[in-house]
Amino acid sequence: MEVASKKSTFKWDSKIPTGPLTEKWKTHKNNIKLVNPSNKRKYNIIVVGTGLAGASAAASLGELGYNVKAFCIQDSARRAHSIAAQGGINAAKNYANDGDSVWRLFYDTIKGGDYRSREANVYRLAEVSNSIIDQCVAQGVPFARDYGGMLVNRSFGGAQLSRTFYARGQTGQQLLLGAYSSLMKTIKSGKVKMFTREEMLDLVTVDGVSKGIISRNLVTGKINRHAADAVLLCTGGYGNVFYLSTNAKNSNVTAAWRCYRKGALFGNPSFTQIHPTCIPVSGEYQSKLTLMSESLRNDGRVWVPKAKNDKRHPNDIPEDERDYYLERIYPSFGNLVPRDVASRNAKNVCDEGRGVGPSGLAVYLDFRDAIKRDSEQAIRERYGNLFEMYEKITDENPYKVPMRIYPAVHYTMGGLWVDYNLMTTVPGLFALGEANFSDHGANRLGASALMQGLADGYFVIPYTVGDYLSGITPGDVNTDHEAFDQAEKAIVGEIEKLLNIKGEKTILDFHRQLGKIMWDKVGMSRDEKGLNEAIAEISALRKEFWENVFVPGEPATYNKYLEYAMRVADFIELGELMARDALARPESCGGHFREESKTPEGEAKRDDENYAYVSAWEFKGVDTPPVHHEEPLVFENVKLTQRSYK
Amino acid sequence: MSTHDLITVHLKVWRQNGPNDRGHFEDYTLKDITTHMSFLEMLDVLNENLMKEKKTPVEFDHDCREGICGSCNLVINGIPHGPQMRTAACQLHMRHFKDNETITIEPWRAKAFPIIKDLVVDRNAFDRIMEAGGYVTMATGNAPDANAVPISKVEADSAMDYAVCIGCGACVASCPNSSASLFTGAKIAQLAKLPQGAPERKKRVIAMVEQMEKEGFGDCSNYGECEAVCPVGISISAIATMRTEYVKALF
């Protein structure tokens, strides 16, 4: 099977500044062009999505004086899925006095990503991390503190330092509400106009340059046009391509996918993070998976019975018949190994027949020893809300019985390809936060997603967008332009087509079917045969979808299933691209594990000689294979080693 | 907990085809519902069944399904978010219902939350209350070092107790006066506990309370229903703080 169309003559310019790594961002800020304060009001910027990246960007750009239009699909900006992040946010403050520094945070993050991200981007992320904490505290985010009134930190998977700031088990909520409050303040000042329940359905380009969007009002069904000098895509990740994931039900790839179809390259689409600590699937009807914060691994010990098919109650299994496999295999990191390693090992022990619970697809996360050591009260203070959530879902009390956990799709490192300025290959279109591919390489370390979303929105885009805008004439295209006519017509046609199929299968049937293919063949472990099968199966599923789906209701009303149908249609196309991307990378790296590439001990084996690059895909039509591009990754400051957490 | 693994439920669901429709209850029966299913998954089953019969599914708001986004707004058997204390509807599971039980499902009902369709309401009034003053006025990049101002653990913890509000609106739905005092008070109390909130303290409470009234929410008469249904357990002391702050702000 042909994986990709022939290479085109696409020219890379990742715009990485020259000079030493530690000076790049400072130098770049000194050199990029500025927009005069009195001219900023002439520029219109669209921000799509109001999660950490979107809300922080919209607020910060409004403060600078730009005219901002912000869009979200939910009924309020505060409901974006960043709200659900539990554990924490990293910063290199070194408040714990344990030797942390910007350099160490940079190094851990690039190593954690298995050397598949850019040095310059990751260094910048570490560099601005401290300002994020300052910013959030000033907004009134109530981070955890000690009795003297100072901020406290905890350690998180994959780090040997305590650098994670947190607000109980609701850090994402508090950071998002902080960004939301800044957004509300900027709306009040008149510099941001908010559109809730409004979904971006297409990017409008004129001569290949981004000039606005087409959106649908989700209450009335009205299709709207919005022109802008720059469009910022802050629409999060695409984990729901697997149907079951920890993402919110409405999280989707549609806005990003339509930008891809309009010429933005898609970077590393197959890089998916499977989070090790989620509540296991309990039945066919299941609609989503719930994450149990990785911070639990600070105190919980992961184990399975030594014997296969051991059906005894966990509390009846004696100590010497338990296998604390992470502690055994990785003595120096133990239960705190990075997510990809923890997930893969859980899969391995379950594949060996040592999984627990009714499905055999679970491992124990046991707090018995921590409770004995620190008291039940201490554990309650640290994780009370998570334990409560666990009990609500499973009807089991984790203070008495070990939790059962299993890996689940959580985060997507891949996303729209962006340069150092966060601009995609479509001039004027930027991607921030999880929607871009840039900072996490092949695996994201815990507590770094919140950091990246806010870094991009508060401290990167306010500088870099000006560099682009200063070179263009504001307002040169308005919504009467024929590009808007065409884009709107296409959307109206697509909606009509979907509603008129009136087939026999529900949208959910298709989504579940796609999810099963993705989980089985493009999931935690991938091989050539399975990936080729996945491509063929997904392609067939796409054809069937457009012939046999049933989409209820009318176009010009509130119609959640119509929204859902469009999203599933895009997920199906994305799934195929993910399989192609995984097939085109025969090495194992981070969350991408190829059966063909492992060490004798079964660990992931990277191939730096051949695959130290970013894969970026160019759309060539739904029925034509996309073009595969490679952006070489240059490492001048870090030494590429096989990751070892032993 | 029900002893049944599979139960039958009879639903009375509010159907209203748009804001101007009168609306009515419609009856549905669902068989073989496993008790491990979440309440929203049960509604997914209902909608799948309806679509298989080529009928229009029931619209309801939902997103994270883990009790934090605040999207869900179902009144279940007369109680916002249903019978389990401190639990949003999305975290409620069918094991809390009996075999053959009749379950009534309605949207939030309040003048300030007009119905959009079926179980979906418009809660933009909450955003406008926040817009009136639910923030600290500081521009990005202005902040001093995060440890420059110590905040005692007691105050920080107390601020967090109020900050966990998910903005769902159950407090309004449960209140005989449809008051938004718990929602508004929670933000005022959070910022009143923190030094960062101090400079705008007076201005904030007046602006937010005025906006709340303007939106058509009623006054608080201390019924305490809001605290009882709040899925994250926000204490009614938030309202006391709001009142104290308001009175202080007048002088």
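Reader: How many residues of chain B are in contact with chain A?

Author: This is a predicted model, and the contacts are taken from its coordinates. On the side of chain A, 79 residues take part. On the side of chain B, the number in contact is 76 residues.

Reader: What area is buried between chain B and chain A?

Author: The size of an interface is often given as the accessible area lost when the parts come together. Between chain B and chain A, carbon and sulfur atoms give 52% of the buried area. The area itself is about 6600 Å².

Reader: How many salt bridges are there between chain B and chain A, and what is the closest N to O distance in the one that D145(B) forms with K93(A)?

Author: The count between the two chains is 8 salt bridges. The rule also finds 46 residue pairs in polar contact across this interface, both residues at pLDDT 80 or more. A salt bridge requires the nitrogen to lie within 4 Å of the carboxyl oxygen. For D145(B) and K93(A), the closest N and O atoms are 2.9 Å apart.

Reader: Which element gives the most to the side of chain B that touches chain A?

Author: Several elements of chain B each supply at least two residues to that side, among them α1 (39–52), α2 (124–133), α3 (153–163) and α5 (181–193). By class, the side has 35 nonpolar, 20 polar and 21 charged residues. The element that gives the most, with 7 residues, is α3(B).

Reader: Within chain A, what area do domain 1 and domain 3 bury between them?

Author: The domain assignment gives domain 1 of chain A as 21–274 + 411–469 and domain 3 as 482–608. Their centres, taken over C-alpha atoms, are separated by 24 Å, and 48 residues of domain 1 are in contact with 49 residues of domain 3. Of the area that the two domains bury, 60% is on carbon and sulfur atoms. That area is about 4200 Å².

Reader: Which three residues of domain 1 of chain A lose the most area to domain 3 of chain A?

Author: Together the three make up 16% of what the domain 1 side buries. They are V241(A), F242(A) and Y243(A).

Reader: Turning to chain B, how far apart do the C-alpha centres of domain 1 and domain 2 lie?

Author: Chain B is divided into domain 1 (6–116) and domain 2 (123–250). These domains bury about 1500 Å² between them, 64% of it on carbon and sulfur atoms. R86(B), A112(B) and F113(B) supply 36% of the area that domain 1 buries against domain 2. The C-alpha centres of the two domains lie 29 Å apart.

Reader: Which residue forms a salt bridge with D61(B)?

Author: Between domain 1 and domain 2 of chain B the count is 1 salt bridge. The closest N and O atoms of the pair with D61(B) are 3.8 Å apart, and the cut-off for a salt bridge is within 4 Å. The partner of D61(B) is R123(B).

Definitions and conventions:
Residues numbered from 1 in each chain as written. Chains lettered and ligands numbered in written order. Predicted model: local features only at pLDDT ≥ 70, side-chain atom pairs only at ≥ 80, totals over all residues. Heavy atoms only, no water. Domains from an automatic or database assignment. Buried area = accessible area lost by both parts, 1.4 Å probe. Salt bridge = Lys/Arg side-chain N within 4 Å of Asp/Glu carboxyl O. Contact = heavy atoms within 4.5 Å. Polar contact = N/O pair within 3.5 Å; in protein donor to acceptor, adjacent residues only side chain to side chain. Helix = DSSP H or I, 4+ residues; strand = E, 2+ residues; numbered from the N terminus. Nonpolar A, V, L, I, M, F, W, Y, C, P; charged D, E, K, R; others polar.
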